[in-house]
Amino acid sequence: MTAEELWKDSGLSGKYEAWPFGEAPDKLAELVVQGIKTATCSAYDLYLTNNEPLPQAGDYSIILNSNEEAVCIIKTVKVYVTEFNKVSMEHAFKEGEGDRSLEYWRMVHESFLTNELASVNNAFDQNTKVVCEEFEVVYRS
């Protein structure tokens, strides 16, 4: 199912963005559908470099799998910017990955953010700002 078809089926109105999660789109989309993953993060500097607005509470997103098929619709409920080394255990748990610990979160996200920032010739460090989002699933395919 395409993002457009899922949006139409949902009966929701307004604007939305459609995107897959970064390094493991199928696995992470499944965690969202299961209700395990209720948060995500991204590099703040990418928004600045690409001149894109930060996500906002109330935004809708259609989560895509690796085949660009629509999996579900989420609604952002909270957004905040913090430094990488200040991300909380609570946020790491809500991201739903691995053993859901802060240590695991830091390990995988340091690698992920390093790669993302390198794509725009920026370097990662422990003070790198990240955009943390919390969301809820509002419609499943």
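Predicted model: local features only at pLDDT ≥ 70, side-chain atom pairs only at ≥ 80, totals over all residues.
Local features required pLDDT of at least 70 and side-chain atom pairs counted only at pLDDT 80 or more, whereas totals for chains, interfaces and linings use all residues. Residues are numbered from 1 along each chain as its sequence is written, and side-chain values use heavy atoms, with hydrogens and water left out.

Side chains of opposite charge can pair when their charged atoms come close. A salt bridge was taken as a side-chain nitrogen of Lys or Arg within 4 Å of a carboxyl oxygen of Asp or Glu. Five salt bridges were found in a search of the whole structure.

One of them joins Lys 37 to Glu 97, with 3.2 Å between the closest N and O atoms. This pair links distant parts of the chain, 60 residues apart: Lys 37 lies in the loop between helix 2 (25-33) and strand 2 (39-43), and Glu 97 in the loop between helix 4 (89-95) and helix 5 (102-118). Helices (H or I, at least four residues) and strands (E, at least two) are DSSP runs, numbered from the N terminus. Lys 37 and Glu 97 are both buried, that is, under 20% relative accessible area, with exposed meaning over 50% and partly exposed in between (1.4 Å probe, protein chains only). A network of salt bridges links Lys 37, Glu 97 and Glu 95.

Within helix 4, Lys 94 and Glu 90 are four residues apart, about one turn of the helix. Their side chains form a salt bridge with an N to O distance of 3.1 Å.

A salt bridge also connects the side chains of Lys 86 and Glu 83, at 3.7 Å from N to O. Lys 86 counts as exposed because its relative accessibility is 55%, while Glu 83, at 24%, is partly exposed.
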